[in-house]
Amino acid sequence: MNQTMALLYHEVIDDYQESGFQNKDNLAYMHKTDVFRRHVNLVQEIKEKNSKVSYLFTFDDGGISNLKSAQILEEQNLKGYYFITTNRIGTKGFLAKEDIQTLYNSGHRIGSHSHTHPMIFRTLNYKQMLEEWRISKDILEDVLGVEILHCSIPGGDSDQKTYESAHEVGFKFIFDSEPILETRFCQESEILGRFSVKAQTSDEELLKTLNLENIQHLQRTRKIKGTIKKLIFPIHQYLQNKKNES
Ligand SMILES: [Zn+2]
């Protein structure tokens, strides 16, 4: 059976202050351009050995550095999946409409990352979820003149109604942040897991992930983190909301 491993990136840039959401925690999601180029090469090497897995490069938030990561992917004839926070379009550090068109016209996929990037998406009520998705989908469809079928969930916290709301507005491919290879379904929409690559992820760890050697470990760690988040939910919520203020 063929499997899909979607890698989750954010900013690929040498000066992190230029792109994306600006807060200390986001430093964990910044990759220097030479590091990202190395990761792309590692993926290419693994791909030759392991043809049963398709590797996808996905990028959240819609920071201006997306143009850089796209260029690095293009050097290797690869395409990325770019998920845009639509209320940031054209603001400092984020892609403008024309940039999104450039990415799309170069063959990259464009999807929604919600309209306002609520940090804990699952705390929204269903109506608010629908609104986040619908506004964002409309804006992107207006910018590109095509139907937008992909989305990724901001903040990484999702639940069943998160998937259902995304499905209801018409997204056929819903990316979350669970380190899962198997495609899940919400009615006929596909739910795809992702493997977050952070600044502190070593080449060795990344190789293990690409070789599917530490999937269970990653899933266990994610589960433990999820349990802790639930236990300290008020604190978790406070910290997450603080991040979004910037
Ligand atoms: Zn995000």
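Me: In this predicted model, how are the donor residues of the zinc ion spaced in sequence?
Reply: The donors to the zinc ion are Asp 61, His 113 and His 117. Written as a pattern, their spacing in sequence is D-x51-H-x3-H.

Me: Which parts of the chain does the pair Asp 61 and His 117 tie together, and how far apart are they in sequence?
Reply: Asp 61 sits in the loop between β4 (53-59) and α2 (66-75). His 117 sits in the loop between β6 and α4. The pair therefore ties together parts whose separation in sequence is 56 residues.

Me: Through which atoms is the zinc ion coordinated, and at what distances?
Reply: Asp 61 uses OD. His 113 and His 117 each use NE2. The distances are 2.1 to 2.2 Å.

Me: Is Asp 61 buried or exposed? And His 117?
Reply: Buried means under 20% relative accessible area. Asp 61 has 3%, and His 117 has 5%. So Asp 61 is buried, and His 117 also counts as buried.

Me: How far apart are the end C-alpha atoms of helix α4, and what should the helix span?
Reply: Helix α4 covers residues 126-144, which is 19 residues. At 1.5 Å a residue, it should span 27 Å. The distance between its end C-alpha atoms agrees: 27 Å.

Me: What lies at the start of α4, and which residue follows the helix?
Reply: At the start, a side-chain oxygen of Asn 125 comes to within 3.1 Å of the backbone nitrogen of Lys 127. After the helix comes a residue with a positive phi, near 70 degrees. That residue is Gly 145.

Me: How is α3 oriented relative to α4?
Reply: In α3, Lys 97, Ile 100, Gln 101 and Tyr 104 meet Leu 140, Val 143 and Leu 144 of α4. The two axes come within 9 Å and cross at roughly 70 degrees. That makes α3, relative to α4, roughly perpendicular.

Me: Where is Ser 158, and which residue does its side chain join in a polar contact?
Reply: Ser 158 is in the loop between β7 and α5. Ser 158 is buried, with a relative accessible area of 17%. Not counting residues up to four places away, Ser 158 touches Arg 122, Ile 153, Tyr 163 and Asp 176. The polar contact, at 3.1 Å, joins the side chain of Ser 158 to that of Tyr 163.

Me: Which residues is Glu 178 in contact with, leaving aside neighbours within four places in sequence?
Reply: Glu 178 lies in the loop between β8 (173-175) and β9 (184-186). At a relative accessible area of 22%, Glu 178 is partly exposed. Its contacts are Gly 156, Arg 184, Gly 193, Arg 194 and Arg 222.

Me: How far apart in space are Glu 178 and Thr 85?
Reply: In sequence the two residues are 93 residues apart. In space, C-alpha to C-alpha, the distance is 20 Å.

Key: Residues numbered from 1 in each chain as written. Predicted model: local features only at pLDDT ≥ 70, side-chain atom pairs only at ≥ 80, totals over all residues. Heavy atoms only, no water. Helix = DSSP H or I, 4+ residues; strand = E, 2+ residues; numbered from the N terminus. Expected span 1.5 Å × (residues − 1). Polar contact = N/O pair within 3.5 Å; in protein donor to acceptor, adjacent residues only side chain to side chain. Donors = N, O, S within 2.8 Å, 3.2 Å for Na, K, Ca; no water. Buried < 20%, exposed > 50% of the residue type's maximum accessible area, 1.4 Å probe, protein only. Axes fitted to C-alpha atoms, helices over the stretch in contact; angles between N-to-C directions. Parallel < 35°, antiparallel > 145°, perpendicular 65-115°, else oblique. Contact = heavy atoms within 4.5 Å.
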